[in-house]
Amino acid sequence: MTMDGEEEGIESNEPCSRDGSELVKEISNIIESVAQFGDYRKTHKKDCFGLVRRMKLLLPLLEEIRDCDAPISDKGIACLSNLKKALILARKLLKVCNEGSKINLAVESEAFMMKFRKVNEKLCQALECVPFDEFGISDDVQDQVDFMRVQLRRAKGRTDTQDIELAMDMMVVLSKNDHRNADIAIIERLAKKLDLHTVEELKNETIAIRNLVKERGGQVHNSESLEQIVDLLNKFKEIIGMEITDVFGNPAMTRTLEKCASLVIPHEFLCPITLEIMTDPVIIASGQTYERESIQKWFNSNHRTCPKTRQTLAHMSVAPNFALRNLILQWCEENKFHLPPKADCASSSSYVHSEEICSLVRDLSSTKLERQRQAVIKIRMLSKESSENRILIANNGGILPLVQILSYPDSRLQEHTVTALLNLSIDETNKRLIAEEGAIPIIIEILQNGSVEARENSAAALFSLSMLDENKITVGLSNGIPPLVELLQNGTVRGKKDAILALFNLSLNHSNKARAIDDGIIPPLLQLLKDRNLHMIDEALSILLLLVSHPEGRSSIGQLSFIESLVEFIKNGTPKNKECATSVLLELGLKNSSFILAALQYGVYEHLAEIQINGTNRAQRKANALIQLMSRTEQI
């Protein structure tokens, strides 16, 4: 369902009927079949619904053609055949967006945007040759078709802010150079954006990715995008405690089944979460049975629903399913199948951790400073290890005393404490709790006056906390932007990285854009564009793209030297550099034609023409829009 080469396949393989009435019927069936599709993936939902709505507008036209008594000429047949081909292409695209991998649609978002544009162009071309007089089409229907053609020509993708936020999230998550804990906060945001944060959703996504790999030849390691898709899927699974299994072997085979491929394990013996045979089955409040370890991970990740039925549970207690366990043991003995001995050990380990965390949280309120210090250090380590620990620490009341310790005049203790809160903030519920306990102003103070590592981790903590919109506002109102700008200008490479990610998040809020501009964010961003060794050009351009939507931002950024730098990136930058620089220049040019004229003087046109052919999909789209804007500007 990748649609690669589909256009050529349609043109060469699709039989063309010479019967006009049969063609009309086939076209109607295509439109009606599209109407039966269910919900579409979030990343392209707007485009899908827009395309379906326009396809349905053709039904009155088809009804009048069907009612036409005169035979349809060869020209009419050719017109209907072209329309049918365009609609088949549209249906295939809609099917991918309905059934395909959500991660693939996000990773290759710009490629799919280009496909929507191509479908719109094909439909527009097919409708331009409709012989209305021959078909006896009424004026009302003809006006409707003309209106549809206007809509197709004007059809656009998502807004720049949505584009750039998704692109930035993907840039950080898929980076091979930086695996900081704060990145997990972005993974959580992506999982929610893509509706991939429940067991059922991730199981369906696994099947969709498996089908995608088969369509592309069955080899994952030969494709960078497939590797990225699989990596992100596994990260989503880790967040909710699902086992990581190979989705590209035998479709129904997990690690347990691979050990004994000739056996078919009864379905009721498999845990609905991991799809592995259960060693310690337990019943939860919904009446469903799960492996104790996997359902405990689900509960520890702050879920209060049944993974299978999705109903809210009256309580989180579990009861051993002795009857099912006896059946599993009997089956294993008859088939000489050895169960993996893991449940008892895991349960004991979880109990020990829970007891240890309770004790550590109590020590946070000790009157002895050294005991507090050791508790903070241990909590810092435990909160880094797993989502279960982060939930347990918060549920045992650990956040408030940590926030209180933040204010202690001990630089090393501050460093350990702010890092512990950074780790805890990976959990979304904890993000709110940390902010509600008043941590943000104190973290900002440490960002201003703490040690080097404390300042870096404070910036990372603000980045993680600002994933929530309400926290973006709190950070801005608490004067958190100036110290981030200072760190961006004078910090270590790691500090600059943490600062720029936090500033990007904060700049998604409109009020914070003005604050960032007033607080001097633009000079250090422009400096980052000059130092290519820092490898932060794309991040800097991403924030500048957000800021140029603000009048003060355009005024501060739009100097001739900056336009020249943009043209230089468009000419000689990496593919991602070219994409980001083209996007910024387009946004500037849409607001002020003088920026376009300046870019033309620096020779941007020929480089945009090259990007139209060889650039990334998003860069091609932006370059096309820029060239059209330049044509209009030159005519004024």
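Start in helix 21, residues 411-424, and select R412 and E415. Both sit in this helix, three residues apart, about one turn. Helices here are DSSP runs of H or I with at least four residues, strands are runs of E with at least two, and both are numbered from the N terminus. R412 and E415 form a salt bridge, with the closest N and O atoms 2.7 Å apart. The term salt bridge requires a side-chain nitrogen of Lys or Arg within 4 Å of a carboxyl oxygen of Asp or Glu. R412 is partly exposed at 44% relative accessibility, whereas E415 is buried at 4%. Buried means under 20% relative accessible area, exposed means over 50%, and partly exposed is in between (1.4 Å probe, protein chains only).

A word on the model: it is predicted, so local features need pLDDT of at least 70 and side-chain atom pairs count only at pLDDT 80 or more, while totals for chains, interfaces and linings use all residues. Residues are numbered from 1 along each chain as its sequence is written, and side-chain values use heavy atoms, with hydrogens and water left out.

The structure holds 19 salt bridges. Select E610 and K578 next. Their closest N and O atoms are 3.9 Å apart in a salt bridge. This pair links distant parts of the chain: E610 belongs to helix 35 (residues 604-614) and K578 to helix 33 (residues 575-591), 32 residues apart. E610 is partly exposed, with a relative accessible area of 33%. K578 counts as buried at 17%.

Stay in helix 33 and pick E579, then R618 in helix 36 (residues 617-635). E579 and R618 are both buried. Now show E370, R373 and D410, which salt bridges with shared partners join into one network.

**The aromatic pairs**

Which rings come together in one aromatic cluster? Select F269, W331 and F337. Rings of Phe, Tyr and Trp (its six-membered ring) pair if their centres lie within 6.5 Å; planes under 30 degrees apart count as stacked, over 60 as edge-to-face and the rest as tilted. The count by this rule is two aromatic pairs. F269 and W331 are edge-to-face, 6.1 Å centre to centre, with 75° between the planes. F269 lies in the loop between helix 14 (255-258) and strand 1 (281-283) and W331 in helix 16, so the pair ties together parts that are 62 residues apart in sequence. Both F269 and W331 are buried. W331 and F337 have ring centres 5.7 Å apart and planes at 55°, so this pair is tilted. W331 has 12% relative accessibility, and F337 is buried at 9%.

Helix 16 spans residues 322-334 and includes F322. Is F322 buried or exposed? F322 is exposed, with a relative accessible area of 57%. Show D280 as well: its C-alpha is 8.8 Å from that of F322, across 42 residues of sequence.

**A charge over a ring**

Go to F112. K115 lies over its face, at 4.4 Å from the ring centre. The rule asks for NZ of Lys or CZ of Arg within 6 Å of the ring centre and within 35 degrees of the ring normal.

**Two loop residues**

Finish with N479, in the loop between helix 25 (469-477) and helix 26 (481-490). Its phi is positive, near 65°, in a residue other than glycine. N479 is partly exposed at 45%. H535 sits in the loop between helix 29 (522-530) and helix 30 (537-547). H535 has a positive phi of about 55° although it is not a glycine, and it counts as exposed at 65%.
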